[in-house]
Amino acid sequence: MGWIQPYSLVRYRGMIQDMLGNEFYVGAYKEGNLWRTNKYMDVSQYPMGSSPDMCVWERRLLYCVSVPGQSSWTEPSCEMDPNRGMDWSSQNREKRHRMDGEDADSMDLVPGDEIKSSPITKKIREAGFLSPSPECRDSRTASSSSSMSAFQYLDKDNIPCLVKIYDSPESELKLNDVFEFIGVLTFDSEPEVEKDENDELSNGFYDDALVHLPPNKVPRLHCLIHRKLAVHDFLQGSPIMEVNYRRSLWIAALIFYLPMPHFVKEIREALFRHLTAVLGNDEVAAHFMLLHLLSKVHTRVDDVAVGKLSLNLVGLSKESVSVFGTRLSQAVKNLLPFTQCIPLALEYLNTASLAPKKDYEANRLIPGVLQLPEGSHLMVDETQLESGSLSSIGIENIKLLKNLMDFQKVEYDFQYYKMEMAADVQLLIFSEGKSNIIPADVVVPFQPSSLESSEIPVAEALKAWRWYLATVRSLQHSIGSEMQKVVEDDLVAARQADRSLGSRDFSRWLTMARLVFSSFGETSLPLEHWQMVKELERLRREKLK
């Protein structure tokens, strides 16, 4: 933060961790014959006096943080001069001095007949809350420097940010969504000056949650434009820069849901070989790992999250996890934008805060480990668990993990009540035996045949695999009427052969079928891929015996 000048135009990417409601502010006021505005500012440039000609507007307040578990390869490059902003304090003081004698600029000058008192202004006046301060602090605002030709980034500082949203529907921004904001940054390196006790509007503002978010610690970003980010937005370039022209056509086709399976198959095979090497040449585990990485919640039917495919690799000890678990963790971090890993140790369960919790004194939502954005990957190491007693916190944390595993929902604790929030998190569990604490959709015995470390993939291959995973996950899918009859007959036959099979097993097979044909770039289920699903299930059940 030290090298970014205040009042610069910046680009900030972050997750909406808390929504602090709306803030009322004097948006426009009249000084003599001139109307001035405080929009996109923390404080007024000029004394507002006690003029009755004021318009009270409102803006939304969002507390944003760096995306939990964000992989380093997603960070945008930034080559700004670190010495560029070192002397901003002295420059700012000079600007304040000059502005005392300057006329209002074009941003501040608005014809009087264009300023209309809004309904909310009348409501505030009637309620008796509008009592403007006779004085205001020195100006903290200056126009953006004309010499700035590019946006500056906040991502590298890994700091929270209070984003102020103007003129945007509430439905556009939701908790845990990842957004990119472009706006004017304000950041005070000096402690906040003492406010006027007679300023009722200011007092009402500072008594709220923002009193716990001082501007010298949490920068403010006055948002001009914003957009929700998807996984594709974190990819640094596409494979079309490293492959031939024909493969570039494949990328274009994928984007418009018209895949060319031949080229998809090439990248799929390369990624499968990489996962097989990472998993010690265990091809069955590699197949299920690929399907797991492609899974996502694409719809919900009652409490069922359709499309999820959590994976439990069993047969792992602490020693083998230190080898293969570390390899796989690094491989996943290289492929996915958001990854987290938690040790399911007794001490961790009894002390960790997995669920977000509301703090009414600070009027803040305290983050929890499971407050994750859509598309996150969570690895759980159950080999760390030893015998002992779970506290009430530990029992609650187990329930939270199981709820996330079964229903893709996380309970947020508001003290007086709890609220379930929908999630879309891929879960991978390492354990010695089948996990009974957080049972997964698929249990696969891990049986490596090689301890040799896998080769480090080249940058071009990693870019292609990232694009493959991000794009194939969003492909449309369907099952034709003829294949529906084939699938139904096979399910009936399987049920007759094994009465232990139930609806959950058949639902998992259908999910695997969709993931298999999507992994080849197909949008409908062919017979050969359904046969592949049945063979994978047969191999998995054989390994379980």
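Predicted model: local features only at pLDDT ≥ 70, side-chain atom pairs only at ≥ 80, totals over all residues.
Residues are numbered from 1 along each chain as its sequence is written, and side-chain values use heavy atoms, with hydrogens and water left out.

**Figure 1. The open five-stranded sheet.** Five strands, in the order β11-β14-β17-β10-β18, form an open sheet with parallel pairing; strands (E, at least two residues) and helices (H or I, at least four) are DSSP runs numbered from the N terminus. Two strands pair if DSSP finds at least two bridges between them. β11 (339-343) and β18 are the edge strands, each pairing on one side only. From one strand to the next, the twist averages 20 degrees. Strands β14 (residues 376-381) and β17 (residues 425-431) run parallel and are joined by six bridges; Ser376 has Val425 in β17 as its bridge partner.

**Figure 2. Helices α6 and α7 against the sheet.** Helix α6 lies across β10 (311-314), β14, β17 and β18, at about 150 degrees to β17. Helix α7 (residues 318-335) packs on the sheet and touches β10, β11, β14 and β17, its direction making about 165 degrees with that of β17. Contact means heavy atoms within 4.5 Å. Angles run from 0 to 180 degrees between N-to-C directions, and axes are lines fitted to C-alpha atoms, for helices over the stretch in contact.

**Figure 3. The crossing of α6 and α12.** The axes of helix α6 (residues 283-294) and helix α12 (residues 503-519) cross at roughly 90 degrees and come within 10 Å. The two helices, α6 and α12, are therefore roughly perpendicular to each other, a term for angles of 65 to 115 degrees. From α6, Phe288, Leu291 and Leu294 meet Met512, Leu515, Val516 and Ser519 of α12. The residues of this contact comprise six nonpolar, one polar and no charged; Ala, Val, Leu, Ile, Met, Phe, Trp, Tyr, Cys and Pro count as nonpolar, Asp, Glu, Lys and Arg as charged, and the others, Gly among them, as polar.

Figure 4. The whole structure holds three cavities of 30 Å³ or more. On a 1 Å grid over the protein atoms alone, a cavity is a set of points where a 1.4 Å probe fits but cannot get out, a pocket is an open set with protein on both sides within 12 Å along at least five of seven lines, and lining residues have an atom within 4 Å of a point. A volume is the space filled by probe spheres set on the points, which are joined across faces, edges and corners. The largest cavity contains about 70 Å³ of space. Among its 13 lining residues, Ser295, Lys308, Leu309, Val425 and Gln426 lie nearest its centre. The second largest cavity has a volume of about 60 Å³, and helix α10 (residues 459-472) supplies the largest share of its lining, three residues.

**Figure 5. The second largest pocket.** This pocket holds about 610 Å³ of space. Of its 28 lining residues, Lys308, Asp441, Arg504, Asp505 and Arg508 are the closest to its centre. Helix α12 gives the most to the lining, with six residues. The lining residues divide into 11 nonpolar, five polar and 12 charged.

How values were computed:
Parallel < 35°, antiparallel > 145°, perpendicular 65-115°, else oblique.
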